[in-house]
Amino acid sequence: MRAQQIGILVSTAPLRKTATYRGATQQRFNIEAAMELATRFDLVIVGSLTADEVFQYIQEHLPPRIQPKFRFYPRSFFHEFKSDEVMRTTDDPRNPAWEKILAEHGVRFEVLRSVIGQDHRHHQQKFAWDNMSDFILDDRVTLVTGSEGSLQYERPKALDRRSSRRGA
């Protein structure tokens, strides 16, 4: 039996397309992209600061047979993780929110990783949602980006780092 495949989107852009109707340009839900994701993955996690209403619209317009594959985390979810005033300049509330999302779904990831800096010394780097690829250690995960119906798939870079250490 194969392991459950997980697609992660940190933006709703891959699920939207631009359409012009009677001279007005509007963003529309791209059902074809959602269908492709549902075919490719067992679980599709979508989280961003996009308005809750957009997520609700997407969820309501997904075909019923693929709805169970999608997990949505809209703006209201991320706002639960607001930083303290003092820390606001350095801590992005999306970081702990994404850590919780990954943990909820059993995705293996590093909260802290060691990197070699320009001074050739080891430095600690904290988990960053916008650089998730460097922290995810789960080979079931594919990061999905793109727009206008063009889905792009990326294997987490941390997996390549881990496998190169084993081979050394």
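Predicted model: local features only at pLDDT ≥ 70, side-chain atom pairs only at ≥ 80, totals over all residues.
Let's start inside. The largest nonpolar core has 22 residues, and the ones touching the most other members are Ile 8, Ile 45, Trp 98, Leu 102, Phe 127 and Ile 136. Who's contributing? Strands S1 (6-9), S4 (43-47) and S8 (141-147) each put in two or more residues, and so do helices H3 (75-79) and H4 (94-104). H4 gives the largest share, with 4 residues.

Have a look at Trp 98. Skipping its neighbours within four places in sequence, Trp 98 still contacts a whole list of residues, including Ile 8, Ile 45, Phe 78, Phe 127 and Met 132. There's also a second, separate core, with 18 residues, among them Ala 33, Phe 41, Leu 62 and Ile 66.

Okay, on to charges. We count 4 salt bridges, and I'll go through some of them.

Glu 32 pairs with Lys 17, at 3.4 Å from N to O. Glu 32 sits in helix H1 (31-40) and Lys 17 in strand S2 (16-21), so that pair ties together parts 15 residues apart in sequence. Glu 32 is partly exposed, at 48% relative accessibility, and Lys 17 is partly exposed too, at 29%.

Next, Asp 134 and Arg 113, at 3.7 Å from N to O. Asp 134 is in the loop between strands S7 (122-126) and S8, while Arg 113 is in strand S6 (112-116), so this bridge links parts 21 residues apart. Both of those residues are buried.

And then Asp 138 with Arg 140: the closest N and O atoms are 2.7 Å apart, and that pair is buried as well.

Key
Residues numbered from 1 in each chain as written. Heavy atoms only, no water. Core = buried A, V, L, I, M, F, W, Y, C linked by side-chain atoms within 4.5 Å. Buried < 20%, exposed > 50% of the residue type's maximum accessible area, 1.4 Å probe, protein only. Contact = heavy atoms within 4.5 Å. Salt bridge = Lys/Arg side-chain N within 4 Å of Asp/Glu carboxyl O.
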